[in-house]
Amino acid sequence: MTAQQLARKSLQTRLALAYAAAVYAAGVLVLVLVLVPLVSVGSTTPEGRPSSGVTTGSGGGISLAQALTGSAVALVVLIPVALALGWFVAGRFLHPLRAITATARNISAGDLHRRLDLGEPADELTELGHTLDGLFARLQASFDAQRHFVANASHELRTPLAGLRTLLEVALADPGADTATLRAACREAIALGEHQERLVRALLALATSERGVTRWDTLDLAQVAEGVLASRRDRAAERGIVLAEHLAPAVTAGDPKLIESLVTNLIDNAIRHNHAGGQVEITTGTSGAQAALSVVNSGPVVPGDQIQRLFQPFQKLAPDRHGRGDGYGLGLAIVNAVTEAHHATLTTSARPEGGLSVAVQFAPTTRK
């Protein structure tokens, strides 16, 4: 049997052949160890008796021919015995594995709520079962999160489309619509289109962040934050929010676009979820060998048990689905995805007086 043919055999067949070979080798070894002393004893010539090379049947010994014949018969009989014993032992060992495979097949077919739930005895197969149960639990959580994400994304995308269609139908159905009315409808349609464009851009940023880092460049967090702040000052001034910056050099390595997206979403989130006359404090620097960025903002009080939820897609402290442009619940999710992609450390805490304090620590400038 060639190696390719052996590889095609089932695991039980291969184990049975291995066990049979081991049993057969042990039998051969026992026969050799027993046969050699018997032949040596049988070939011994007593004093005063001529040597004949082998003992006769009346001498009480075992002749060489008898020993060889008996050994050959024993070895032939041992072949099916070894194979049967090997098949039985292999089947016993593989029975729990077959049960695991059958249950895992049913679970993978769509019933992710089922578990193997292997009990005693605690052995390697039980450990494998616990590992698979953990894997199925993570898969179920991932699929549930994906379905939740798709449902929310569909709702967010459908809302401006429905509003746009209603707006155009009303404008077309008005027989007395003049130029001013049509212009107003066009402006509202453009606003709804911009709302949808921002949502698509945010979804694309989230997908890009979750894909991981494709390039590692050396950059300074202070320069990135300075560039983002320059484009956000007017928006903050319109709401009476003070931007306080403390930008010390903080050199790290990563994807420049992803890190810029992280800084942008942190600052935008701090400005958006703030109150008039509030403050946003942006700090960069080094902590040990790590580059650090922190954004602290005033605003409404955030319950401590709601912080982790806010870093999931489409999660808001006060959910709103009317498209008023106050965010989509994706900003902190993008921050979380970029942080994980760069193997950075994200620390968030709710301020007792209101608002959030978010800090991100990046690894040193060593490339991954």
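The legends below describe close-up views of a predicted model.

**View 1. A nonpolar surface patch that includes Val30 of helix α2**. Four residues, Leu29, Val30, Leu33 and Val34, make up this nonpolar patch on the surface, and together they have about 370 Å² of accessible area. Val30 belongs to helix α2, which covers residues 11-42. With a relative accessibility of 48%, Val30 counts as partly exposed, because the class of exposed residues begins over 50%.

**View 2. The second largest pocket and its lining**. This pocket has a volume of about 340 Å³, and its lining is made up of 17 residues. Those that lie nearest the centre of the pocket are Leu206, Glu210, Phe311, Gln312 and Pro313. Two or more lining residues come from each of the helices α4 (124-173), α5 (179-211) and α10 (331-341). By residue class, the lining of the second largest pocket consists of 10 nonpolar, five polar and two charged residues.

**View 3. Phe314, a residue with a positive phi in the loop between α9 and α10**. Although Phe314 is not a glycine, its phi is positive, at about 60°. The loop that holds Phe314 runs between α9 (307-310) and α10. Phe314 has a relative accessibility of 3% and therefore counts as buried, the limit for that class being under 20%.

**View 4. His343, a residue with a positive phi in the loop between α10 and β6**. For His343, which is likewise a residue other than glycine, phi is positive and near 55°. His343 is placed in the loop that links α10 to β6, the latter spanning residues 345-350. Is His343 buried or exposed? Its relative accessibility is 57%, so His343 counts as exposed, given that this class takes in values over 50%.

**View 5. Thr159 of helix α4 and its separation from Gln196**. Along the chain, Thr159 and Gln196 are 37 residues apart, while in the model their C-alpha atoms are separated by 8.9 Å. Thr159 counts as partly exposed because its relative accessibility is 28%, a value that falls between the limits of under 20% for buried and over 50% for exposed residues.

Notes
Residues are numbered from 1 along each chain as its sequence is written. This is a predicted model: local features need pLDDT of at least 70, side-chain atom pairs count only at pLDDT 80 or more; totals for chains, interfaces and linings use all residues. Side-chain values use heavy atoms; hydrogens and water are left out. Patches are made of residues with over 30% relative accessible area and no salt bridge: like charges are joined within 9 Å, nonpolar side chains (Val, Leu, Ile, Met, Phe, Trp, Tyr) within 5 Å. Accessible areas come from the Shrake-Rupley method with a 1.4 Å probe; for residues, only the protein chains shown count as cover. A salt bridge is a side-chain nitrogen of Lys or Arg within 4 Å of a carboxyl oxygen of Asp or Glu. Helices (H or I, at least four residues) and strands (E, at least two) are DSSP runs, numbered from the N terminus. Buried means under 20% relative accessible area, exposed over 50%, partly exposed in between (1.4 Å probe, protein chains only). On a 1 Å grid over the protein atoms alone, a cavity is a set of points where a 1.4 Å probe fits but cannot get out, and a pocket is an open set with protein on both sides within 12 Å along at least five of seven lines; lining residues have an atom within 4 Å of a point. Grid points are joined across faces, edges and corners, and a volume is the space filled by probe spheres set on the points. Ala, Val, Leu, Ile, Met, Phe, Trp, Tyr, Cys and Pro count as nonpolar, Asp, Glu, Lys and Arg as charged, and the others, Gly among them, as polar.
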